[in-house]
Amino acid sequence: MRSSGQVLAALYGGVDHLDNTRTAKGPEAMIDSNAKHPSAFSPTALRMWEQCPRSYAHAYLLKTEVDDRPSPHLVFGNALHEALAFVFRLPIEQRGLKAAQQALRHYWLKQRGRKQAFLTEAEEATWGLAALAALELFCAERGDEFEIKPIAVEEWVRATVDGGHAVAGKVDRVERIEVVPAPDEDPIHGLRVTDYKSGTAKITEPDELAEDRAAQVYVVAASQTFREPVLEMRLLYLRENVAVTWAIEPEDLAALPSLLGDVADRIFADQEFEARPDFLCRWCKFRAHCPEGSGEASLDQLDPEPATSF
């Protein structure tokens, strides 16, 4: 079996690349023949390979350098996450809207590349006010959650899945819960994982959440890390106060190591890392490095002798 480096060399060898910053004629100038997959697959890595193996190869095997400048969405989301994480680390009596807003302003100023993310101070202020509004909505609608004592806040979790592969991710919040399956049944004790979302609600149904790779990684990794079953996986969309909860049955949890291990097996078996051009290419940070996704035309796309009547 060829190494990942040899596979990628086959993709790019002898090809002049799309801009003059990448003029390598052969793989030796571009490809590390010892390129290795991540030691643990993150939700991003799994999702990226499933959407477009070529972008995965650029990110994790070629480690292609890109102009990864921050965006307003990134500053907004990271500051919200850090503010809530700080508040849930405070003593319960100190938690509340005032502390959350103070933390938001504090972490906002610490965001990497913040000044480059916004075109004007007015644009930054608009985003900042939206972040404060999201926190106010959380405190108004979910302020009772400040009574929770999480066992983990912004913590990395990791699991071993089938095939000996590892998956890992950072969970926003984990707490112990008690679930009563039916009135005449004993309560079940386990964990709830909450993943904050700062964008608009894209996953709105529990069945959709159960198919989400990030949710699957968080569930199996938190279960193994804390040695307790995850009973609920919840997405919480902060700007809209929308919560989506996947109630996890024992058979769901038991199936995840095989399911995620199968994805990892297919990544390791990939010998092509094909590009899958679609509408998402316009947002791909590796677009300039991908002939198929660049939108650039080639005469090779044309019939050399079209059989027209003229």
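## Basis and contacts

Contact means heavy atoms within 4.5 Å. Among contacts between residues at least 6 apart in sequence, 67% join residues at least 24 apart.

This is a predicted model: local features need pLDDT of at least 70, side-chain atom pairs count only at pLDDT 80 or more, and totals for chains, interfaces and linings use all residues. Residues are numbered from 1 along each chain as its sequence is written, and side-chain values use heavy atoms, leaving out hydrogens and water.

## Composition and surface

The protein has 10 helices and 5 strands. Both are DSSP runs, numbered from the N terminus: helices are H or I with at least four residues, strands are E with at least two.

Of the 310 residues, 46% are buried (under 20% relative accessible area, 1.4 Å probe, protein chains only; exposed is over 50%, partly exposed in between). The protein exposes about 17,400 Å², by the Shrake-Rupley method with a 1.4 Å probe. Carbon and sulfur atoms supply 51% of that area.

## The sheet

The 5 strands form an open sheet in the order β1-β2-β3-β4-β5, with mixed pairing. Two strands pair if DSSP finds at least two bridges between them. β1 (152–160) and β5 (242–247) stand at the edges; each has a single partner strand, so one side of each lacks a neighbour in the sheet. The twist averages 40 degrees from one strand to the next. Axes are lines fitted to C-alpha atoms, for helices over the stretch in contact; angles run from 0 to 180 degrees between N-to-C directions.

β4 (residues 230–237) and β5 run antiparallel, joined by 6 bridges. Leu235 has Val244 in β5 as its bridge partner.

## Helix on the sheet

Helix α9 (residues 213–226) packs on the sheet. α9 touches β1, β2 (166–179), β3 (188–197), β4 and β5. The direction of α9 makes about 90 degrees with that of β1.
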